[in-house]
Each structure stands twice: as C-alpha cells, then as structure tokens.
Amino acid sequence: DISEYSYVVVGSGLLGAVIAERIANQLDQPVLVIEKRDHIGGNCYSATDPTTGIEYHKYGTHIFHTSNEKVWNYVRRFITFNTYQHRVLSCYKNRLYPFPINLATINQFYNRNLKPYEVEDFMASLRQSQLGQRADGGRRDAQPAAGPPTAGAPTNFEEQAMSLLGRDLYEAFFKYYTIKQWQVDPRHLPPAIFNRLPFRTNYDDNYFFDRWQGIPEKGYTHLFERLLANRKIKVLLDTDFFEIRHLLKKDACLVYSGAIDRFFDYKHGKLSWRTLRFEQEIIDKADYQGNSVINFPEAEIPYTRIHEPRHLHPEKEYTGNKTIIFREYSLADQGDNPYYPIASEDNQRLLSLYRKEAAQLKNVFISGRLGDYKYYDMHQTIDRALEIFETCILPQTSTIHVV
Ligand code: UDP
C-alpha cells in the first residue's frame, strides 16, 4: 500500500537512487521510488543492443569522472569500473583533431611544432594579428567581435574561448558546435560552459581533469540495480507521481528529482531546456570510427557528435562483425525529455521564484539536474544526494528516534 511509506523518492536517476539507497541501507526504512519511465537509471540508463551485443547508453555517452574521494569510494561499494579514459576527436574540414584543444591540436591546426613553453607567445601573436585583420575591415564575421583579450575578465562563452584560443580555433571547434548545441549566440552563454573543458599546452588528450574515471563494467543500469537492491526499496515503474500524489502519506519525507517548475504546476512559467535526439544505425563493420565519440563542429553538418559505444568497454571482447552508432542532434525540449538547463537570465529569475517556494516546504527536497536546474555531472549529483541525506534527512530521523 503506497500510503504507508514515510519516505517517497520521485525519479530513479542518480539523485533518487542514491537517496533511496541511503534511506534503506542506513536508516533501515522502507522507501517508495516512483519512476515515470519503464526503466530505472534516468538518463544514465544503459542496455545491451540485441543485434550487436554491445552495451550502449540510451541517452548519450556517460563517462563517470570525479576527483571527489567520498563519491568515488561510495560508488565503488556497489560496482567496479573499467579503465576507460575518455578521449575525443573533432572532425574539422574532414580531418580529425584531438579535442579538447591541446598542443597536438594547435600544432596540427597551424602546421607547427611548438613546444609547451612557446604556446603562450604564439597565441598572443595570433590574437594580435587577428585584431589587426579586423581593423582592416574584418573577416568572416561581420559582427563586432567580443574582444579578446582587452577589457576585463571574459563575461560570456565566446569571450572566454577567444581569450584562451584566439579566433581561428574558436571558430573551427567551438562556435558552430555551440550554436548547434544551444541554438543561441555563444555571447549569450556563460563562460562556465566553456570552462567545463580543459585547454592544455601539453599533449595530454584526456577529456577530463579528474583523478578517477571509468565506465561501470556491467553497464550503468547495473549500478542502479545495485543501489536499489535492498528489499525495503519498492520501485514503481511507468508511474506518474502527479497522478498518484494524492494517495501518498501526507507527511511523508519527499525527495523529488524531476523538473522544479513542473512540481509547482508551472505557476510562475516554464523553464526552458535542451534535449537530445539520437539516430541509431547498425553498421556491417566491426569498427566504424575507431573511437567512442567524434565531434562535428561544422555548421553544415546537422548533428553534433557520433557515438560508437563499443569503444567504451575495451575490456570486453565484442566478437561480432557489426557495430552500433548514434548520431546526436540537439533541439529544444517540449517538456518531455529535459537534458540541459539553459543558463539565461530569464530562466535564472524563474528558477529563483521556484526555489523560494521550495524552501518553504517542510520535508520536501527538490534537487538533481532537473530539480536544481543545474548542469551537474554524475559525480556532482551523487555528492548532492549524499549531502541532502546527511544534512536534511538523517538529522530529522535521529530527532524522531530520540523523541
Ligand atoms: N563544445 C564545443 N565543441 C565541442 C564540444 C563541446 O564547442 O566539440 C562546447 C559546447 O558549447 C558544449 C560545451 O563545450 O555545450 C561543454 O561540452 P561538454 O562536452 O562538457 O558537453 P556535454 O558532454 O555535457 O554535452
């Protein structure tokens, strides 16, 4: 009977699954997990493709990476990770470059053999000549450029990228990719989105800065099965929380990981989101592109990347002669499948109205990428989940026990 649960978790993605695990395993309390989809795991969900036997990520390639020791130790209590390290190539004018930008990218792009200690001067001289070219009447871009590296700290994505890379590398690898991904002028995006990626003046081509990295050996879904394994956790799939909300215990502790505006019935208006669409193709070759992800930063190509999940598991022997690939397209979300929060001022204003409402609710915790409307990586979501459990849920329970 669902009305008996004193702990209710909405959504079985990372935030919900970790909090449910803590409630069941640490508090030893029954917990009800309500999941709208027909599977657990949120956008981390993985499955084995029946034709090729390859483990793939239905909602796009997810690489687990963290420098947070607490989070790393926590996840490894449930599963083992393989030794996969994420390396990406970017296809510009039909040539493949290491990406994000490192010394190999710069040297290949400019046909040089610069040493690490020569990069800074080289980039400075490029920026100088590019400023000169613009004074001569501008090239390519008729709009006045947001200027590197003149006045003040960069205030947007384009300024941030150009101050580090100069115009040519920015336009080749970032500008049009970002327009395809976000469908806004990169000058209207915050520098933080650019700062997700490293820029290196050595030959390190790892996609992440982090200390630990890998893919669950048995796939992400296995991680969720392990998190939710306690018999005290009851998962209801294919269930819309808003349809059964009235049946739940009135004073239950509620953890909600869906979109925050939906929780309040959009009363202040709708937050906007980007979503992704994946076009799947089975290819009659053992290996299609030789890497798990290749980016396509040019405006003429409609997709942003091609994923080939067989490369995510170098430890597995996939013996078949077929591979599966996914072309990724980015589009505005109509409210069904949100992936990326959009960091505009309007959205931030709306968000703070919803946050104020949420802060007034007793025993209701709204968080996760959708609940906080934040571009969290997986490890950040786990960190949030542990923090909510430890600072909000656990203390309340001990008080109840004492009383
Ligand atoms: N980006 C880009 N070119 C690329 C890859 C990324 O311009 O080839 C930009 C884009 O704006 C993107 C941001 O860098 O939103 C962060 O990239 P990341 O790979 O972290 O995005 P995610 O994997 O979360 O989609």
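**Notebook: ligand shell, salt bridges and backbone geometry**

I began with Glu158, whose side chain joins that of Tyr170 in a polar contact of 2.9 Å. By polar contact I mean a pair of N or O atoms within 3.5 Å; within protein, one atom must be able to donate a hydrogen and the other to accept it, and residues adjacent in sequence count only if both atoms are side-chain atoms. I note that the model is predicted, that local features need pLDDT of at least 70 and side-chain atom pairs pLDDT 80 or more, and that totals for chains, interfaces and linings use all residues. Residues are numbered from 1 along each chain as its sequence is written, and side-chain values use heavy atoms, with hydrogens and water left out.

**Entry 1: Glu158**

I placed Glu158 in helix α5; helices here are DSSP runs of H or I with at least four residues, strands are runs of E with at least two, and both are numbered from the N terminus. Glu158 has 3% relative accessibility and counts as buried. The classes I use are buried for under 20% relative accessible area, exposed for over 50%, and partly exposed in between, with a 1.4 Å probe and protein chains only. I also found Glu158 linked with Asp185 and Arg187 in a network of salt bridges. A salt bridge is taken as a side-chain nitrogen of Lys or Arg within 4 Å of a carboxyl oxygen of Asp or Glu.

**Entry 2: the ligand shell**

I looked up which residues surround the ligand and found 16, the closest being Arg196, Tyr207, Asn295, Tyr340 and Tyr375. Domain 2 (45-87 + 206-217 + 273-332) and domain 3 (102-134 + 155-195) each contribute at least three residues to the shell; the domain bounds come from an automatic or database domain assignment.

By class, I recorded 11 nonpolar, three polar and two charged residues in the shell. Ala, Val, Leu, Ile, Met, Phe, Trp, Tyr, Cys and Pro count as nonpolar, Asp, Glu, Lys and Arg as charged, and the others, Gly among them, as polar.

A nitrogen atom of the ligand lies 3.0 Å from a backbone N or O atom of Phe173. A polar backbone atom of Phe174 is 3.2 Å from an oxygen atom of the ligand. For Arg196, an N or O atom of the side chain is 2.8 Å from an oxygen atom of the ligand. Taken alone the ligand exposes 530 Å², and the protein buries 93% of that; these areas come from the Shrake-Rupley method with a 1.4 Å probe.

**Entry 3: salt bridges**

I counted 18 salt bridges by the rule above. Arg196, already noted beside the ligand, forms a salt bridge with Asp377 through their side chains (3.1 Å, N to O). Asp377 sits in the loop between α11 (368-371) and α12 (378-402) and Arg196 in the loop between α6 (191-195) and β8 (212-214), so the pair ties together parts 181 residues apart in sequence. Asp377 counts as buried at 16% relative accessibility, whereas Arg196 counts as partly exposed at 32%.

The side chains of Arg200 and Asp204 also meet in a salt bridge (3.5 Å, N to O). I recorded Arg200 as buried at 11% relative accessibility and Asp204 as partly exposed at 33%.

A further salt bridge joins the side chains of Glu328 and Arg305 (2.9 Å, N to O). Glu328 belongs to strand β14 (residues 323-332) and Arg305 to strand β13 (residues 305-307), so the pair ties together parts 23 residues apart in sequence. I found both Glu328 and Arg305 buried.

**Entry 4: backbone geometry**

Most residues other than glycine have a negative phi, and most peptide bonds are trans. I therefore looked for departures from this pattern.

Phe99 and Pro100 are joined by a cis peptide bond, with omega about 0°. I located Pro100 in the loop between β7 (95-99) and α3 (103-110).

Asn94 is not a glycine, yet has a positive phi of about 65°. I placed Asn94 in the loop between β6 (88-92) and β7, and at 71% relative accessibility Asn94 counts as exposed.

Asp265 also has a positive phi, near 55°. I found Asp265 in the loop between α9 (260-263) and β11 (273-283), exposed with a relative accessible area of 57%.

Technical notes:
Near = heavy atom within 4 Å.
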